[in-house]
Amino acid sequence: SIFIDAILAVGKVKENVEIAEYKAKDINDFYFYNQWDEKLKIKDWQSESIEFHNYDIEVVDAIVDRRSIRHFNENKSIPRSVILELLKAGMMVSLTINQPYLKIIIVEDKNFLNQIAKHSKIVLKQSHVGEVPLIIVITYDCSNNSPGFYSETDSGSIIQSILLRAHTLGIGSCWIGAFNRKVVRKILKIPEDWHIPSMAIFGYPNNFPKPTPRVDLGKVCYHNSWKNHIKKRKRTLLPDYFALSIWFKKFRNTQVTTLL
Ligand SMILES: Cc1cc2nc3c(=O)[nH]c(=O)nc-3n(C[C@H](O)[C@H](O)[C@H](O)COP(=O)(O)O)c2cc1C
């Protein structure tokens, strides 16, 4: 049967299958709860097993259909069993080395969520940050003897993996880079030598926005040699500057199709 749970994900509900064995220790190496050094009580979370919809979505559909969500249902929290699925997805990425030079904080505490939202501005307040029941903050060790040489890359792939998994669970998400790191560090008690590259917000979506126009492949991909464009670029009057060109494209019919 087909379930439509949120506007976000449509697909057949899948049987719950464990894709890999996760030891509590592994998750505890990487994830904290609400504040630095606060242990995630994984055993309790696992026992709070609640049925949830796990949509049978092809990887390509998740990649194409994921959107940054900026309107959330503020009255609906995310069950712990679903959050656990997100955390597991974060652990499945390819990491430079399998050592906890990255730490990820799962923030559910209402007071912390409010404070973080207050300090996440792009000139104006980003109100969507204040609407979510869950923020995942990623940090990495940037001290001199840190073993993580590609931590920025690792952090990005962890977040992307979590965002895609969220999409398959009917959860909306948005990557957040604009926030006051000094304040967030203080709220979450993150040590000075741990950098906070970005965070992501999660909740049940209230809308499903149209796709943002994508940058033309011909602009960013070369074939075999530098400047040998993979795709012939059409002559266009659109400005070359990326942000402006996206803005102009919004006035035309976008070429991006979505599977939904
Ligand atoms: C590193 C990074 C930081 C971002 N920071 C923000 C942010 O602070 N606020 C926000 O609303 N969106 C933020 N975004 C989301 C982008 O604006 C969004 O992904 C982009 O517009 C494309 O839209 P889509 O995700 O719906 O495909 C960020 C994305 C990335 C990758």
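A polar side-chain atom of Ser 68 lies 2.6 Å from an oxygen atom of the ligand; a polar contact here is a pair of N or O atoms within 3.5 Å. The model is predicted: local features need pLDDT of at least 70, side-chain atom pairs count only at pLDDT 80 or more, and totals for chains, interfaces and linings use all residues. Residues are numbered from 1 along each chain as its sequence is written, and side-chain values use heavy atoms, with hydrogens and water left out.

- Arg 214 places a side-chain N or O atom 2.9 Å from a ligand oxygen.
- Ala 178 has a backbone N or O atom 3.0 Å from an oxygen atom of the ligand.
- On its own the ligand has 620 Å² of accessible area (Shrake-Rupley method, 1.4 Å probe), and the protein covers 68% of that area.
- There are 13 residues around the ligand, counted when a heavy atom lies within 4 Å.
- Ser 68, Arg 70, Gln 126, Trp 175 and Gly 177 come nearest.
- By class, this shell has four nonpolar, five polar and four charged residues; Gly counts as polar.

**Aromatic pairs**
- The count is four aromatic pairs, with ring centres of Phe, Tyr or Trp (its six-membered ring) within 6.5 Å.
- Tyr 33 and Trp 45 pair edge-to-face (planes over 60 degrees apart), at 5.6 Å centre to centre and 90° between the planes.
- Tyr 33 is in strand E3 (residues 31–33) and Trp 45 in helix H2 (residues 42–47), so the pair ties together parts twelve residues apart in sequence.
- Helices (H or I, at least four residues) and strands (E, at least two) are DSSP runs, numbered from the N terminus.

**Salt bridges**
- The whole structure has three salt bridges, each a side-chain nitrogen of Lys or Arg within 4 Å of a carboxyl oxygen of Asp or Glu.
- Arg 80 and Glu 108 form a salt bridge at 3.1 Å, N to O.
- Arg 80 is in helix H4 (residues 80–91), and Glu 108 is in the loop between strand E5 (102–107) and helix H5 (110–118).

Methods
Polar contact = N/O pair within 3.5 Å; in protein donor to acceptor, adjacent residues only side chain to side chain. Phe/Tyr/Trp six-rings, centres within 6.5 Å; stacked < 30°, edge-to-face > 60°.
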